[in-house]
Amino acid sequence: MADRQRQVIVDELITLIKTGNAHVSLDDSVANLPSELRSIIPENLPYSIWQLLDHIRITQWDIVEFCLSENHKSPKWPDDYWSKNPENVSDKDWDDCIDQIHNDRDRFFDLLKDGESDLHEPFPYGDGQNIFREALLIADHTSYHLGEILVLRRLLNSWD
């Protein structure tokens, strides 16, 4: 793949993951959320905003670790992909979760930017995954749950 073509693809993937393009970004989706609303589960819905945010963190971490190491062991699905303490989320827990999402995202961006890596070459482990596919997975999975966060915020009267 030509260097320029690769750079365009990498830039577009990073923009998609960071900003969402056609949807709100992660940072915007949780900005100015009153802390008392983080763990509320509205009637007839299964998750709180905190649970969704923490699920994004855990899933993205798993994807990044998978891309970086053939020795990575994924958490047990579905139990280990959801917050263990959904009722009590401190400001520190909240901030640490967002920080880890950003840090893991940056580690993935470093992998995308590594000119030595082939975006389309399947990893020598796994079942056909490659960096490009995993970038789309991060973007798709995150956007799905950001949409849920926005619905919850609207139900909780905390979104314009």
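# Rings and helices in a predicted model

Q: How many aromatic pairs does the count come to?

A: The count comes to 6 aromatic pairs in this predicted model. A pair here means two rings of Phe, Tyr or Trp whose centres lie within 6.5 Å.

Q: Take Y47 and W82, then. How far apart are the centres of their rings?

A: The ring centres of Y47 and W82 are 4.1 Å apart. The planes stand at 0°, and planes under 30 degrees apart count as stacked, so this pair is stacked.

Q: Where in the chain do Y47 and W82 sit?

A: Y47 is in the loop between α2 (26-30) and α3, while W82 is in the loop between α3 and α4 (91-113). The two residues are 35 residues apart, and the pair links distant parts of the chain.

Q: What kind of aromatic pair do F123 and Y125 form?

A: F123 and Y125 form a stacked pair, with 5.3 Å from centre to centre and 15° between the planes. Both of these residues are buried. Ring pairs also link F123 and Y125 with F66 into a cluster.

Q: How many of the residues of α3 are buried?

A: In α3, 18 of its 20 residues are buried, and the helix is therefore described as mostly covered.

Q: At what angle do the axes of α3 and α5 cross?

A: The axes of α3 (residues 49-68) and α5 (residues 131-155) cross at roughly 175° and come within 9 Å. Angles over 145 degrees count as roughly antiparallel, so α3 is roughly antiparallel to α5.

Q: Which residues of α3 meet α5?

A: Among them are I49, L52, I56, T59, I63 and F66 in α3, which meet residues of α5 including L137, H141, H145, I149 and L152.

Q: What does L52 in particular contact?

A: L52 is found in helix α3. Apart from neighbours within four places in sequence, L52 is in contact with Y47, W82, H145, E148, I149 and L152. Y47 and W82 are the stacked pair described above. L52 counts as buried because its relative accessibility is 1%.

Q: And T59, which residues does it touch?

A: T59 also lies in helix α3. Not counting residues up to four places away in sequence, T59 touches Y81 and H141. T59 is buried, with a relative accessible area of 9%.

Q: How do the axes of α1 and α4 cross?

A: The axes of α1 (residues 3-19) and α4 cross at roughly 170° and come within 10 Å. These helices are therefore roughly antiparallel to each other.

Q: Which residues of α1 and α4 make the contact?

A: R6, V10, L13, I14, I17 and K18 of α1 make the contact with R105, F108, F109, L112 and K113 of α4. By class, there are 7 nonpolar, no polar and 4 charged residues.

Q: Is R105 buried or exposed?

A: R105 is buried, with a relative accessible area of 10%. Leaving aside neighbours within four places in sequence, R105 is in contact with I17, K18, D27 and Q60. Its C-alpha atom is separated by 22 Å from that of G128, which is 23 residues away along the chain.

Q: Something else: which residues does a cis peptide bond join?

A: A cis peptide bond joins W77 and P78, with omega at about -5°. P78 is found in the loop between α3 and α4.

Q: What is the phi of N21? And of N157?

A: Phi of N21 is near 55°, a positive value in a residue other than glycine. N157 likewise has a positive phi near 55°. N21 is found in the loop between α1 and α2, and N157 lies in the segment after α5. N157 is exposed, with a relative accessible area of 73%.

Conventions: Residues are numbered from 1 along each chain as its sequence is written. This is a predicted model: local features need pLDDT of at least 70, side-chain atom pairs count only at pLDDT 80 or more; totals for chains, interfaces and linings use all residues. Side-chain values use heavy atoms; hydrogens and water are left out. Axes are lines fitted to C-alpha atoms, for helices over the stretch in contact, and angles run from 0 to 180 degrees between N-to-C directions. Helices (H or I, at least four residues) and strands (E, at least two) are DSSP runs, numbered from the N terminus. Angles under 35 degrees count as roughly parallel, over 145 as roughly antiparallel, 65 to 115 as roughly perpendicular and the rest as oblique. Contact means heavy atoms within 4.5 Å. Rings of Phe, Tyr and Trp (its six-membered ring) pair if their centres lie within 6.5 Å; planes under 30 degrees apart count as stacked, over 60 as edge-to-face and the rest as tilted. Buried means under 20% relative accessible area, exposed over 50%, partly exposed in between (1.4 Å probe, protein chains only). Ala, Val, Leu, Ile, Met, Phe, Trp, Tyr, Cys and Pro count as nonpolar, Asp, Glu, Lys and Arg as charged, and the others, Gly among them, as polar.
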